[in-house]
Amino acid sequence: MAKEKKNAEAVAETQAAPAIELVGNVNVPLEIREEIVKKAEALKAEHKLRKVFVIIVEGEEGDDKPLYIAYMRRPGLMHFSQYMNFAQKDVVQANKMLATNIFLAGDREMVDDEDLFLYGTMGQLSQIIDSRNADMVKK
């Protein structure tokens with residue numbers, strides 16, 4: 001009986017917590033947030049991903065858009081290894097390569113436009129490659 005209760009609680013937790021993270025502190029209107037969540041869910045299903053990261057950068061005066069939105073996935077082993085290798089030599093180029101490799105959809109300018117990338121996207125990439133919470137037990 002206790003095992004069934006734990007399983008039910010685990011299922012409820014999984015259903016309650018969407019596996020979508022909005023990365024950044026940008027003020028996004030509710031209707032746009034809803035569109036973002038729908039698009040991220042669709043990308044998750046299409047690419048069979050556990051998590052989709054959404055990076056949002058506010059446009060500045062003179063930009064084409066008020067908000068730039070990019071949908072990213074977590075890098076696989078090959079892309080992460082490539083990133084770590086290049087990060088030792090040139091952090092900016094390593095981040096540029098990483099963003100190019102993990103970009104799923106959205107405003108491609110966030111990767112291709114130098115200004116948007118350097119002062120918007122790049123600062124958020126570290127949250128995508130952060131490690132999971134883990135502990136090690138020594139005996």
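The model is predicted: local features need pLDDT of at least 70, side-chain atom pairs count only at pLDDT 80 or more, and totals for chains, interfaces and linings use all residues. Residues are numbered from 1 along each chain as its sequence is written, and side-chain values use heavy atoms, with hydrogens and water left out.

**Fold and surface**

- The chain has six helices and four strands; helices (H or I, at least four residues) and strands (E, at least two) are DSSP runs, numbered from the N terminus.
- Read from the N terminus, the order of elements is α-β-α-β-β-α-α-β-α-α.
- Of the contacts (heavy atoms within 4.5 Å) between residues at least 6 apart in sequence, 59% join residues at least 24 apart.
- Of the 139 residues, 32% are buried; buried means under 20% relative accessible area, exposed over 50%, and partly exposed in between (1.4 Å probe, protein chains only).
- The accessible surface is about 9,900 Å², and carbon and sulfur atoms hold 51% of that area; areas come from the Shrake-Rupley method with a 1.4 Å probe, and for residues only the protein chains shown count as cover.

**Salt bridges**

- The chain has four salt bridges, each defined as a side-chain nitrogen of Lys or Arg within 4 Å of a carboxyl oxygen of Asp or Glu.
- One of them pairs Lys-44 with Glu-41 at 3.6 Å, N to O.
- Both residues sit in helix H2, three residues apart, about one turn of the helix.
- Lys-44 counts as buried because its relative accessible area is 15%, whereas Glu-41, at 32%, is partly exposed.
- Another joins Asp-107 to Lys-65, with the closest N and O atoms 2.3 Å apart.
- This pair links distant parts of the chain, 42 residues apart: Asp-107 is in the loop between strand E4 (103-106) and helix H5 (109-112), and Lys-65 is in the loop between E2 and strand E3 (67-72).
- Lys-65 also bridges to Glu-109, at 3.7 Å between the closest N and O atoms.
- Here the partners are 44 residues apart, with Glu-109 in helix H5.
- Through shared partners, Lys-65, Asp-107 and Glu-109 form one network of salt bridges.
- Within it, Asp-107 is buried at 12% relative accessibility, while Lys-65 at 30% and Glu-109 at 28% are partly exposed.

**Loop residues**

- Lys-48 lies in the loop between helix H2 (30-47) and strand E2 (52-58).
- Its phi is near 55°, a positive value in a residue other than glycine.
- Lys-48 is exposed, at 75% relative accessibility.
- Asp-90 lies in the loop between helix H3 (77-87) and helix H4 (91-102) and is partly exposed at 34%.
- A polar side-chain atom of Asp-90 is 3.2 Å from the backbone nitrogen of Val-92.

Definitions and conventions: A polar contact is a pair of N or O atoms within 3.5 Å; within protein, one must be able to donate a hydrogen and the other to accept it, and residues adjacent in sequence count only if both atoms are side-chain atoms.
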